[in-house]
Amino acid sequence: MAYEASQPLKHTFVAGEDLTAAQYHFVTLKTDGTIELCDAATEYPIGVLQNKPDEGQEAEVVIVGITKLVAGEDLDPLDFVSTGADGRGEAAVHGTDTTVYVNGQVIATGSSADGTIATVVVSCINQPRAVTSA
């Protein structure tokens, strides 16, 4: 079963677009201070969205900690994750996926199918690209 830690580092931003269908997806910080859904695998996420805000509403984001994350492909425990083109979590392989940022690591999955919710330790501060060997 997917779960969250009780005290992750969270911050409230303003949604810069409709995020009502983006709960537990990676989001990115825009220059105007709002957040939007990550829409490219090479984007730099600020964290994982926790609620379902519409444009202009408060958006709660986990920046560092344990959180739920919607999988964009099969994810297994210990997989490193990055954002996909739709804000879902995708596996990141050190030394191979050199254009993506490593945003965390899977610690549990309900199942490993696309669209399921995994439990992930995320750190969206000073994220490295997946360029070194693990």
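Analyst: One term to begin with: buried means under 20% relative accessible area, exposed means over 50%, and partly exposed lies in between, with a 1.4 Å probe and protein chains only. Also, this is a predicted model, where local features need pLDDT of at least 70, side-chain atom pairs count only at pLDDT 80 or more, and totals for chains, interfaces and linings use all residues. Residues are numbered from 1 along each chain as its sequence is written, and side-chain values use heavy atoms, leaving out hydrogens and water.

User: How many helices and strands does the chain have?
Analyst: The chain has 0 helices and 9 strands. Both are DSSP runs numbered from the N terminus: helices are H or I with at least four residues, strands are E with at least two.

User: What share of the chain is buried?
Analyst: Of its 134 residues, 41% count as buried.

User: And which residues touch the most others in the largest nonpolar core?
Analyst: Phe26, Ile35, Leu49, Val61, Val81 and Val120 do, in a core of 24 residues. A nonpolar core is a set of buried Ala, Val, Leu, Ile, Met, Phe, Trp, Tyr and Cys residues joined through side-chain atoms within 4.5 Å.

User: Which strands each supply at least two residues of it?
Analyst: β1 (9-15), β2 (26-29), β4 (47-49), β5 (58-70) and β9 (117-123) do. The largest share, 5 residues, comes from β5.

User: Back to Phe26. What is its bridge partner in β4?
Analyst: Val48 is the partner of Phe26. β2 and β4 pair in the antiparallel sense over 2 bridges. Two strands pair if DSSP finds at least two bridges between them.

User: Which way do β2 and β3 pair?
Analyst: β2 and β3 (residues 34-37) are antiparallel too, over 3 bridges. Leu29 stands opposite Ile35 in β3. The two strands form a hairpin with 4 residues between them. In that turn, Gly33 has a positive phi of about 90 degrees.

User: New topic. How many disulfides are there?
Analyst: The count is 0. A disulfide here is a pair of cysteine sulfur atoms within 2.5 Å.

User: How many salt bridges does the structure hold?
Analyst: It holds 3. A salt bridge is a side-chain nitrogen of Lys or Arg within 4 Å of a carboxyl oxygen of Asp or Glu. In one of them, Lys10 pairs with Glu60, with the closest N and O atoms 3.0 Å apart.

User: What does that pair tie together?
Analyst: Lys10 lies in strand β1 and Glu60 in strand β5, so the pair ties together parts that are 50 residues apart in sequence. Lys10 is partly exposed at 36% relative accessible area. Glu60 is partly exposed at 30%.

User: Which residue does Lys30 meet?
Analyst: Lys30 meets Glu43, at 3.7 Å from N to O. Lys30 is in the loop between β2 and β3, and Glu43 is in the loop between β3 and β4, 13 residues apart. Glu43 is buried, at 15%, whereas Lys30 is partly exposed, at 30%.

User: And Arg88, which partner does that one have?
Analyst: Asp86, also in a salt bridge of 3.7 Å, N to O. Arg88 is partly exposed at 25%, and Asp86 is partly exposed at 35%.
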